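User: I am new to this structure and would like to learn how to read its helices and its sheet. Please take one feature at a time.

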Amino acid sequence: MTKTSLALPDTRVAVAGDWHGDTWWAKRALDRLDDAAPDVRTVLHVGDLGVGPWPGETARSGHRFGGFVADLDRALDRRGMTLYLTAGNHDNWDALEAAATDDRGLRALGERIRCFPRPYRLSIAGRSFLSLGGAASVDLMRRRPGRDWWFGEQVTEAHAQAVEDDVAARGVVDYWLSHETPGPVPGGRLNHHVRGLAPDIVAYSDHVRSQVTRGWLAARPSVVFHGHHHARYTLEVTGQPSAEDAPTGEPFTCRIEGLGKEGSEYATSTPGYDHPGNVVVLDVETAEVTAIHGA
Ligand SMILES: [Fe+2]
Ligand SMILES: [Fe+2]
């Protein structure tokens with residue numbers, strides 16, 4: 001069956017990240033978005049949404065993807081919004097990869113929640129987007145495979161190759177959506193995820209991130225949105241494709257937009273853990289980004 005790709009007419013969309021199954025925060029973020037940008041009905045979520053089931057959750061919620069997804073789906077439906085997920089490492093990849101895809105190749109997690117496969121190209125207001133989910137869990141040694149850690153979190157060489165093949169067939173893109181950030185963002189900006197980690201965990205994380213970087217270098221977007229590092233920042237970087245990554249590629253400039261995690265107000269009392277800026281609105285045609293106050 002030939003599948004068509006997602007094409008949305010919206011000129012403004014929300015971009016959010018890292019809700020970690022926090023129903024209270026998710027509903028509040030949607031309310032703040034509704035108040036500030038009543039025209040926006042599409043949320044692009046860059047991962048660690050909190051897709052379950054998590055241990056003990058299925059029995060309690062009776063929902064295939066856990067109670068949080070069920071609650072979020074109802075909250076989105078009440079507001080007439082739809083959420084599209086670029087999944088993170090704290091999303092249940094076993095459940096995601098077992099889900100059927102619709103005629104656009106999207107996995108349905110509810111009436112109002114869809115997840116992109118890896119990679120996935122879509123268009124919004126005529127602009128092109130590429131989504132590449134996944135990231136390394138740096139605390140995986142404390143987690144249990146299939147319970148609260150999933151092998152599918154890894155971005156592999158096959159995923160990077162698929163991006164390169166897509167770009168070779170259909171060209172570079174305007175926007176890039178990923179959970180992990182591409183390589184050139186200095187590690188010091190994202191330090192709470194890398195401080196004091198064992199060398200093999202750093203190597204694992206670096207390898208996964210290098211595959212995201214490889215895809216990004218091929219896709220040459222003007223703007224990146226990512227989560228995972230729980231830090232809201234904007235940074236102009238230069239992409240430098242190597243001969244190995246992209247033989248014909250010239251350097252390109254790109255604006256990286258990192259998003260904070262849930263709880264940007266109630267977590268700011270924790271020293272060194274100040275991460276406001278969990279939801280922004282993107283004007284797709286101008287690439288202008290506007291913060292949502294209180295989210
Ligand atoms: Fe996260
Ligand atoms: Fe993450």
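User: How many residues does helix 5 have, and what should they span?

Analyst: This is a predicted model. Helix 5, residues 157-170, has 14 residues, which at 1.5 Å a residue should span 20 Å. The C-alpha atoms at its ends are 20 Å apart, which agrees.

User: Which residues of helix 5 are buried?

Analyst: The general idea comes before the case. An α-helix has 3.6 residues a turn, so residues three or four places apart point the same way. In helix 5 the buried residues are His 159, Ala 160, Val 163 and Val 167. They cover an arc of only 100° around the axis, which puts them on the same side of helix 5. Exposed on the other side of helix 5 are Glu 157, Ala 158, Asp 165, Ala 168 and Ala 169.

User: What covers the buried residues of helix 5?

Analyst: The cover includes strand 8 (127-132) and helix 6 (199-219).

User: What comes just after helix 5?

Analyst: Gly 171 is there, with a positive phi of about 95°. Val 172 lies in the loop between helix 5 and strand 9 (175-178).

User: Why does Val 172 count as partly exposed?

Analyst: A residue is buried at 20 or more C-beta neighbours within 10 Å and exposed at 12 or fewer. Val 172 has 14 inside 10 Å, so it counts as partly exposed. Leaving out residues up to four places away in sequence, Val 172 touches Val 167, Ala 219 and Arg 220. Its C-alpha is separated by 9.7 Å from that of Ser 222, 50 residues apart along the chain.

User: Which residues of helix 1 are buried?

Analyst: In helix 1 (residues 23-36), Trp 25, Ala 26, Ala 29, Leu 30 and Leu 33 are buried. They cover an arc of only 135° around the axis, which puts them on the same side of helix 1. The face turned away from that side carries the exposed residues Trp 24 and Asp 35. The buried residues of helix 1 pack against strand 2 (12-16), helix 3 (67-79) and strand 13 (279-283).

User: What is the order of the strands in the open sheet?

Analyst: The seven strands run in the order 5-6-4-3-2-13-14, with mixed pairing. Strand 5 (107-108) and strand 14 (289-291) stand at the edges, each with a single partner strand, so one side of each has no neighbour in the sheet. Helix 3 packs on the sheet, touching strand 4 (82-85) and strand 6 (113-115). The direction of helix 3 makes about 120° with that of strand 6.

User: How many bridges join strand 13 and strand 14?

Analyst: Three bridges, in the antiparallel sense. Val 281 stands opposite Thr 290 in strand 14.

Conventions:
Residues numbered from 1 in each chain as written. Chains lettered and ligands numbered in written order. Predicted model: local features only at pLDDT ≥ 70, side-chain atom pairs only at ≥ 80, totals over all residues. Helix = DSSP H or I, 4+ residues; strand = E, 2+ residues; numbered from the N terminus. Expected span 1.5 Å × (residues − 1). Arc of directions from axis to C-beta. Contact = placed C-beta atoms within 7 Å. Pairing = 2+ DSSP bridges. Axes fitted to C-alpha atoms, helices over the stretch in contact; angles between N-to-C directions.
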